[in-house]
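Thanks for coming. I have one structure to go through today, so please bring it up on your screens.

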Amino acid sequence: MNSKDLYSYAEKIMPGGVSSPVRAIRPNPFYTVKGRKSHITTLDKKALIDCCMAYGPLILGHAHPVVRQKITEQLDNGWLYGTPTPVEPEYAKLLIRDHPGIDMLRFVSTGSEATMAAIRLARGYTEKSDIIKIEGGFHGAHDAVLVKAGSGATTMGVPDSAGVLPDLVRHTCQVPYNDIESLSDLACKNENIAAMIIEPVLGNIGPVLPENDYLKEVRDVTKENNILLIFDEVITGYRIGIGGAQSYFGVTPDITTLGKIIGGGLPIGAFGGKEEIMKLIAPSGPVYQAGTFSGNPLSLTAGLATIEWLHSHKKIYKELQSSTELIGEELKGSGDGSFVSIGSMFKYFFREKKPCNYKEVNECNIEKFSIFWQKMLNLGIFLPPSQFETNFLSVVHSEKDLTKIIRAYKQCLS
Ligand SMILES: *Cc1c(COP(=O)(O)O)cnc(C)c1O
């Protein structure tokens, strides 16, 4: 069977034929049967250079031998017990050491679960009800964060999905990214704000980078107004460096959420923060949180192997940054869009100037992107199929891969 036929069958028995919406590429997505290093192989026997990397988790590439070895060792001993396992405190200790904003930590199974729990925790701790999020910021698929902007900036939210209660998202306010005025205004007007949740670098419409001292100012304004600051580092954690955006930009949040890379390619999430806040989590406190698969030994083992590898190869972060910068350099003069990169995250925007917030990202030419994306695929490069998703490099993308990527970009942008 080929991808086209399999998809037409899958569409009949699965909504959109997929398990997550972004994968439903038109007219049909390809099915992947194998991943090795920087490449994936499709059901149709095509080899592609992968710049999607499962939307972020695979910083060591596909099937890295060190991670694979550790997973295999764990498999031999079984893979789920419903009791504590030694890898939990061992791994928690490492994550805590790397993140200035984390003194204590809880493992969960996805990034969505982590942000959901972090928001509940912030409400429990502050005994206040409202939260602030950034327009275009993504924190998973749960009710409190499935909010679109109302008529203007700093309005109360309206649901971004059927089935989400307006009554609930009334408690979620939004402000534009890189706009400290809007945040201060809102913080002054509304005394009932428990927390602000923010992707320090907007990764789900970007990357869109913080300008000047924006993150430091966000820290100041939240502190002055007794608002807890939640950094959603599900993408940026171990992606832009060890210690994530909080180390990179030198801004310490009250609560941090992690996911993606820390599972080494298996499902994971985690949230952590200051001890006095984290102590409110059940069973040591009144904020309930639980999960059958939380802290499962396979994900933790794969994650620990990944993070230990990164610790013993710290220089890769500089190298990855140089690689994405090289792509940007090489593309100067090709096309009339803009190129943005940070660490191993990069994106070509079909907008003349680099976007600095959600509104500006929405000005990108989506039709142009779609045509470009298909051309890239035809040349053997798999980019995330959306103008709004970040491209990722991994440590196993070779110089040869990079040359091919640059050549393809130039050809497809001209
Ligand atoms: C991916 C992502 C999430 C959701 O994580 P899942 O594991 O998909 O639930 C949350 N926040 C950010 C910033 C993400 O990129």
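Predicted model: local features only at pLDDT ≥ 70, side-chain atom pairs only at ≥ 80, totals over all residues.

Let me start with the core. The largest nonpolar core has 59 residues. Which residues have the most contacts inside it? They are Tyr91, Leu310 and Tyr409. The largest share of this core, 8 residues, is supplied by helix α10, residues 297-311. Both domains take part: at least three residues come from domain 1, which is 31-63 + 315-413, and at least three from domain 2, which is 65-311.

Two of those names, Tyr91 and Tyr409, return when we turn to the aromatic rings.

Searching the whole structure gives 12 aromatic pairs. One that I want to show is the pair of Tyr91 and Phe107, which is stacked, with 5.7 Å centre to centre and 25° between the planes. Tyr91 sits in helix α3, residues 87-98, and Phe107 in strand β4, residues 104-108, so this pair ties together parts that are 16 residues apart in sequence. Are these two residues buried or exposed? Both Tyr91 and Phe107 are buried.

There is also a cluster of rings. Ring pairs join Phe339, Phe346, Tyr348, Phe350, Phe369, Phe372 and Tyr409. Tyr409 is also in contact with Asn391: the two side chains make a polar contact at 3.1 Å. Asn391 lies in strand β16, residues 391-392. Its relative accessible area is 2%, and because the cut-off for buried is under 20%, Asn391 counts as buried.

Next, the helix that holds Tyr409, which is one of the buried residues of α14. Helix α14 runs over residues 399-413, so 15 residues, and at 1.5 Å a residue it should span 21 Å; the C-alpha atoms at its ends are 21 Å apart, which agrees. Which residues of α14 are buried? They are Asp401, Leu402, Ile405, Ile406, Ala408, Tyr409, Cys412 and Leu413. These cover an arc of only 165° around the axis, so they lie on the same side of α14. Glu399, Lys400 and Arg407 are exposed on the other side.

Helix α1, residues 3-13, can be read in a similar way. Its buried residues are Ser3, Tyr7 and Ala10. The arc they cover around the axis is only 65°, which puts them on the same side of α1. Exposed residues Lys4, Lys12 and Ile13 are on the face turned away from that buried side. At the N-terminal end, α1 is capped by Asn2, with a side-chain oxygen 3.2 Å from the backbone nitrogen of Lys4.

Now the backbone. As a reminder, most residues other than glycine have a negative phi, and most peptide bonds are trans. What follows are exceptions to look at individually.

Where are the cis peptide bonds that I want to point out? One joins Arg26 and Pro27, with omega at about -5°. Pro27 is in the loop between α1 and β1, the strand at 32-36. Another runs from Ala282 to Pro283, and there omega is near 10°. Pro283 is in the loop between α9 (275-278) and α10.

Then there are positive phi values. Ala63 is not a glycine, yet its phi is positive, at about 55°. This residue is in the loop between β3 (47-50) and α2 (65-76). With a relative accessible area of 35%, Ala63 is partly exposed. Asn226 is not a glycine either, and its phi is also positive, at about 55°. Its loop is the one between α7 (214-224) and β10 (228-232). Asn226 counts as exposed, at 59% relative accessibility.

Lys260 is partly exposed, and its relative accessible area is 24%. How far apart are Lys260 and Phe30 in space, C-alpha to C-alpha? The distance is 23 Å, and the two residues are 230 residues apart in sequence.

Key
Residues numbered from 1 in each chain as written. Heavy atoms only, no water. Helix = DSSP H or I, 4+ residues; strand = E, 2+ residues; numbered from the N terminus. Expected span 1.5 Å × (residues − 1). Buried < 20%, exposed > 50% of the residue type's maximum accessible area, 1.4 Å probe, protein only. Arc of directions from axis to C-beta. Phe/Tyr/Trp six-rings, centres within 6.5 Å; stacked < 30°, edge-to-face > 60°. Polar contact = N/O pair within 3.5 Å; in protein donor to acceptor, adjacent residues only side chain to side chain. Core = buried A, V, L, I, M, F, W, Y, C linked by side-chain atoms within 4.5 Å. Domains from an automatic or database assignment.
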